[in-house]
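Student: I'd like to go through the ring contacts in this one. Can we start once it's on screen?
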Amino acid sequence: MNADDFPTPDVEVASVEPETLKDRIDAGEDITLLDARMQSDYEEWRIDGDNVTSINIPYFEFLEDDIDEDVLDQIPDDREVTVLCAKGGASEFAAGTLAERGYDVDHLEDGMNGWASIYETVEVTDYDGAGTLLQYQRPSSGCLGYLLYDDGEAAIIDPLRAFTDRYLADADDLGVDLQYALDTHIHADHVSGVRDLDAEGVQGVVPEAAVDRGVTYADELTTAADGDTFQVGDATIEAVYTPGHTTGMTSYLVDDSLLATGDGLFIESVARPDLEGGDDGAPDAARMLYESLQERILTLPDDTLVGGAHFSDAAEPAADGTYTAPIGELVEEMDALTMAEDDFVDLILSDMPPRPANYEDIIATNLGQNVVDDDEAFTLELGPNNCAASQDSLAGD
């Protein structure tokens with residue numbers, strides 16, 4: 001059934017906005033969620049947290065007038081329960097049937113689609129280059145982006161198409177001119193916003209090394225080769241070629257203070273090497289990644305911050321709330337960064353998570369080979385990013 005097909009409950013049910021639910025989770029409040037999506041969707045992607053109790057009961061269990069007692073027994077009656085689904089229709093209906101039976105319930109407005117619309121900004125306070133650096137965080141998928149601004153100018157690294165208007169509005173609010181939109185690579189988990197921002201007058205930048213993968217629009221944008229620089233006020237952004245996750249992976253060194261590593265290195269893991277060449281190409285890509293880490297990234301000063309394009313549930317944020325960490329700290333905490341090459345390759349090939357949902361369609365879209373509208377693009381990227389090489393954190397090992 002579609003969300004619009006569910007009848008309006010006879011009992012009025014309050015809704016909770018996604019941002020409000022996120023704030024309650026962040027504040028450490030004990031939250032109980034009843035997820036009414038199908039089990040397969042629930043297992044792939046759900047709202048988690050140390051203080052979150054999550055129960056999965058598919059919506060169809062609530063369609064009968066006489067709900068099975070075994071179903072009701074799974075639902076706590078001594079606390080508030082927030083019901084959620086994909087878009088909000090099924091959860092409102094299910095919450096209504098429970099409210100009629102005396103349960104204390106509300107439902108998540110717009111469901112998991114609403115959850116995926118949350119996009120937060122946190123200042124990287126340990127950044128000590130020119131200007132101010134913000135980190136964008138999308139908790140539903142772990143996507144990260146970076147906005148640097150100084151002296152009336154700004155640049156964004158790894159923008160998402162779904163938030164194109166947000167970037168422009170933020171730049172306007174800050175009183176800066178958004179000069180550049182830079183991608184680190186051809187993403188496999190979300191649809192890039194570089195082309196949409198370029199259409200709005202922002203200079204779109206893609207790695208020169210990624211063009212050979214079949215980028216159809218390279219002539220319309222600026223390409224960044226290793227060593228190229230982009231000026232934002234008094235700050236300089238330098239392209240640093242770091243292949244491995246993809247053959248075109250290019251990091252951006254932001255005024256010698258933070259390296260935006262894309263999917264090359266995260267604060268809790270390293271990149272998975274199989275999204276471009278598949279299983280057959282993964283070993284060679286892993287060796288390429290090892291070389292990039294040892295020769296291009298870990299040779300930077302120890303106090304250089306690393307900021308990836310993603311974070312996982314296993315990542316621990318820094319004191320400022322950003323998912324960043326100094327290179328020296330990562331070397332101390334992550335054995336993978338000091339291993340011999342063969343051991344490194346064996347490790348990162350041993351525990352890779354499932355590939356991101358719809359990743360082939362997303363790659364085709366980001367190459368310009370597949371045309372989708374905004375709604376289709378948003379739907380394609382729902383779910384976890386799964387771009388790291390490990391299921392669990394490699395930091396602290």
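Student: What sits over the ring of tyrosine 42?
Tutor: The charged end of arginine 46, 4.6 Å from the ring centre. A charge sits over a ring if NZ of Lys or CZ of Arg is within 6 Å of the ring centre and within 35 degrees of the ring normal. This is a predicted model: local features need pLDDT of at least 70, side-chain atom pairs count only at pLDDT 80 or more, and totals for chains, interfaces and linings use all residues. Residues are numbered from 1 along each chain as its sequence is written, and side-chain values use heavy atoms, with hydrogens and water left out.
Student: New topic. How many aromatic pairs are there?
Tutor: The structure has 8. Rings of Phe, Tyr and Trp (its six-membered ring) pair if their centres lie within 6.5 Å; planes under 30 degrees apart are stacked, over 60 edge-to-face, the rest tilted. One of the pairs, tyrosine 119 with tyrosine 136, is stacked, at 5.0 Å centre to centre and 10° between the planes.
Student: Is tyrosine 136 buried or exposed?
Tutor: Buried, at 0% relative accessibility. Buried means under 20% relative accessible area, exposed over 50%, partly exposed in between (1.4 Å probe, protein chains only). Tyrosine 119 is buried too, at 6%.
Student: And why is the pair of tyrosine 136 and tyrosine 167 edge-to-face?
Tutor: Because the planes are at 80°, with the ring centres 5.1 Å apart. Tyrosine 167 is buried at 1%.
Student: Which residues form the aromatic cluster?
Tutor: Tyr119, Tyr136, Phe163 and Tyr167.
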